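Subject: Structure handover

Hi,

Here is the structure I said I would pass on. Please open it and keep it beside this email as you read.

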Amino acid sequence: MAGGREIKTKIKSVQNTRKVTRALEMVSASKIRKAQDRMKASRPYANAMKQLIGHLAQANSEFQHPYLVEREVKRVGYIIASSDRGLAGGLNNNLFRKLLGEIRAWQDKGVQVDVVTIGQKATVFFRRLKVDMLASVTHIGDTPEVEQLIGIIKVMLDGYTDGHLDRVFLAYNRFVNTMTQAGSFDQLLPLPASETKVVKHDWDYIYEPDAESVLAHVLTRYIESLVYQAVMENVASEHAARMVAMKAASDNATKLIDTLNLVYNKARQAAITQEISEIVGGAAAV
């Protein structure tokens with residue numbers, strides 16, 4: 001059994017760790033509400049854009065934008081959103097594990113995979129894999145701006161427009177509730193048709209000044225809005241996962257401290273008993 005001094009040192013170490021985990025838990029708890037508000041504020045715009053673009057994909061226009069055209073898949077691209085910091089449980093690793101399965105499935109079909117990453121965790125993880133990393137952005141903070149994401153989005157859009165990529169996906173953690181964050185994969189390009197069948201006849205929009213310029217602008221804004229919404233969902237998921245993980249760590253530290261205190265008391269009692277036995281033995285010998 002370890003000595004009393006060693007046990008006291010362990011108890012002090014665990015207590016210091018518990019202070020850190022409790023502080024991180026409170027920080028995440030204070031940030032999650034603001035992150036949820038920002039995420040919910042951006043959802044209506046993203047949903048409206050998704051519905052509009054879905055209708056455009058079904059419309060009968062003389063001009064067919066490249067983003068709306070299906071083609072044979074020879075190379076795919078993934079925009080991967082992750083966190084910059086750890087201590088968030090299995091949030092990032094669960095997403096990466098699912099994504100690795102998707103990548104291997106494409107590679108088994110002979111399809112090459114390119115990625116761009118958002119967040120330090122994804123950048124470090126995918127740099128070690130046999131995939132082509134075209135670009136990355138890190139340290140976007142808790143209040144990311146669209147301007148921080150335009151660069152990596154343009155890399156993927158240019159790749160699709162030039163024919164280098166045949167399909168583009170978005171991977172991120174979708175915020176369900178404080179206890180649940182789900183790894184999600186959305187197809188960005190080519191644009192999927194709307195799931196809402198508003199009309200059952202042939203129809204189209206009236207474009208001013210022309211379909212090409214309007215679609216080029218609207219579709220680009222649409223892709224940017226989806227990526228931005230995914231990043232906001234991921235930020236809210238990060239704070240929720242970290243809060244839950246740090247609470248569990250604090251609870252485990254408390255249990256460990258109680259166990260170590262019990263061990264310390266037993267060791268102390270054994271030492272006192274041994275000293276009394278030695279004194280009694282010495283007195284008897286005299």
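Below are some notes on how the model was treated, and then what was found.

This is a predicted model, so local features need pLDDT of at least 70 and side-chain atom pairs count only at pLDDT 80 or more, while totals for chains, interfaces and linings use all residues. Residues are numbered from 1 along each chain as its sequence is written, and side-chain values use heavy atoms, with hydrogens and water left out.

**Overall layout**

The chain has five helices and five strands. Helices (H or I, at least four residues) and strands (E, at least two) are DSSP runs, numbered from the N terminus. In sequence order the pattern is α-β-α-β-α-β-α-β-β-α. The radius of gyration is 28 Å, well over the 19 Å that the globule rule gives for 286 residues, so the chain is more spread out than a compact globule. That radius is taken over C-alpha atoms, and the rule is 2.2 Å times the number of residues to the power 0.38. The C-alpha trace spans about 115 × 40 × 35 Å along its principal axes.

**Buried residues and contacts**

Of the 286 residues, 42% count as buried. Buried means under 20% relative accessible area, with a 1.4 Å probe and protein chains only. Now take contacts (heavy atoms within 4.5 Å). Among those between residues at least 6 apart in sequence, 78% join residues at least 24 apart.

**The cores**

In soluble globular proteins, nonpolar side chains tend to be buried together. A nonpolar core here is a set of buried Ala, Val, Leu, Ile, Met, Phe, Trp, Tyr and Cys residues joined through side-chain atoms within 4.5 Å. The largest one has 44 residues. Ile79, Leu188 and Ile223 are among those with the most contacts inside it. Several elements each supply at least two of its residues, including α1 (4-58), β1 (75-81) and β5 (180-189). The largest share, 15 residues, comes from α5. Another core, of 19 residues, lies apart from it; Leu100 and Phe125 are among its members.

Leaving aside neighbours within four places in sequence, Leu188 is in contact with residues including Ile79, Phe169 and Val227.

**One residue to check**

Is Glu238 buried or exposed? Glu238 sits in helix α5. At 6% relative accessibility, Glu238 counts as buried. Not counting residues up to four places away in sequence, Glu238 touches Ser83, Arg85, Ala88 and Leu91.

Best wishes

Note on methods
Buried < 20%, exposed > 50% of the residue type's maximum accessible area, 1.4 Å probe, protein only.
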